[in-house]
Each structure stands twice: as C-alpha cells, then as structure tokens.
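Let's take a walk through this one, a piece at a time. Have the sequence and the fold open side by side.

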Amino acid sequence: MLIITIKQGKEKALLAGDPWIYLSAVEKVDGKGHERNKPGITAIVQTSTRQFIGRAAYNAKSQIVGRMWSLREDEPVDHAMIKRRVQAAIDKRAATLRTADPQALIGLIDGEKDGLPGLQVHQYGGADGYLICQFNAAGVDMWKVPVVQALLKATGCRNVYERSDPLVRQGEGLLNTPGALAGDEPPDRLMVRDGKRLVPMDIATGFTYPR
C-alpha cells in the first residue's frame, strides 16, 4: 500500500476534517511505481513523524492528490465500507424520499459530506425511476461496482445511469464513460419538477428543453 507523508504542520487541516490533500502539503509518497500511477488507489496518510492520520484515495494525475476516506485506523477501505456509507446516505434522506414529488430530482449522495468523495447521486421517480450518478473522482470510480450494488439494494430502483462531468474526469485522468450501469437508460425527455412548475428535461445530460 502507498504511504503519503504530510509536511509538518499540514496535518492539522486533515485532522480537523478537511477532506482534500494538495500536492503542496505532501512531503513524499512511498510505494511501488505502478501503484503510484494508478488513479484512486488507497493510501495510508501519516504525519512527518510517521503518526497515522487516515486513509485516502491517491491520484498523482489530479491537482487534489488525496481525498480522505477515513481518519479511523480500524476502518479499512473495502466493499463493506462503501456499502455502509451508501446506505447511511440514503437513510439520512429517507424522510425526504417518502414525501418527495416523484417527478422531482432528489439528491441522495453528496460527495464528501457523505464520506464518498466525488460521488453525486440523484433520484428521479421510485423503483421504476432512475438514479443519475456522477463519479467525479478516481477513488470513488474504483469502487463503482459496490456503489451501484449498494444503490440498487438501498433504493429498490432498478435503473442506474452514469452522467459524470467530462472536464472533471479529465482532470482526474479518467475517461468519460456515460451510460447505463444497471437496467435501462432514461428516455430523452421527462417532465421534472422545478419549484411549482414542470420542465421538460433530458436527465441523462441535464439539458432542459425550451418550452
């Protein structure tokens, strides 16, 4: 596993909850060359005196070289952790989902706020609706399969579609790969609730049609 050593004094922000590590805060990165070049690989983060800080997704190709997963030494980054965090995010918004207009786009997962850096998920409709996902960081992109599995289980929705930001993914050294991850792609045109009105939208692209 890679080890990211943080410059003296730069660990304070991470310990206070800052989820991002910039290159300017890094003293060195130890590990095999092929691992250092793999976007999103999990790394141990430590202080300049080799004290454990946490675990992060490392990406040498990004301006944000590390995105923190956890400050807990007893919490490995694995399938179980990813699934717990997806479920926790859905549970946190359960009341909103129960009362929401089925034609509204409801935010289910909000990246760092839910411990899933770079992941954004919105839901349209119920079990027969669609989950629209953005995998905008290399770390969460590596865990795409367990994320989708957890989303299917937690929501009961059968259709999962990836619509990531191409420029953000390019900055992460990732290819842009829009398309269905489970079930069917959404139709080109759906009526989406925007305040008190319904607007025609392609939720696969975010394009709103002129009325």
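How far apart are the end C-alpha atoms of helix α3, and what should its residues span? Keep in mind that this is a predicted model. Helix α3 runs over residues 79-92, and at 1.5 Å a residue its 14 residues should span 20 Å.

Now look at which way α3 faces. Its buried residues are Met81, Ile82, Arg85, Val86, Ala89 and Ile90. They cover an arc of only 170° around the axis, which means they sit on the same side of α3. That spacing makes sense, because an α-helix has 3.6 residues a turn and residues three or four places apart point the same way. As for what they pack against, the buried residues of α3 meet β6 (64-70), α4 (94-99), β7 (105-110) and α6 (144-155).

Next, the cysteines. The disulfide count here is 0. Cys133 is in no disulfide, and its nearest cysteine sulfur, that of Cys157, is 9.3 Å away. With a disulfide needing sulfurs within 2.5 Å, that gap is too far for a bond. Both residues are tucked away: Cys133 is buried at 0% relative accessible area, and Cys157 is buried at 1%.

β12 pairs with β13 (residues 197-202) over 5 antiparallel bridges; one detail to find is Asp194, whose bridge partner in β13 is Arg197.

Conventions
Residues are numbered from 1 along each chain as its sequence is written. This is a predicted model: local features need pLDDT of at least 70, side-chain atom pairs count only at pLDDT 80 or more; totals for chains, interfaces and linings use all residues. Side-chain values use heavy atoms; hydrogens and water are left out. Two strands pair if DSSP finds at least two bridges between them. Helices (H or I, at least four residues) and strands (E, at least two) are DSSP runs, numbered from the N terminus. Buried means under 20% relative accessible area, exposed over 50%, partly exposed in between (1.4 Å probe, protein chains only). The expected span of a helix is 1.5 Å times one less than its number of residues. The arc is that of the directions from the helix axis to the C-beta atoms. Contact means heavy atoms within 4.5 Å.
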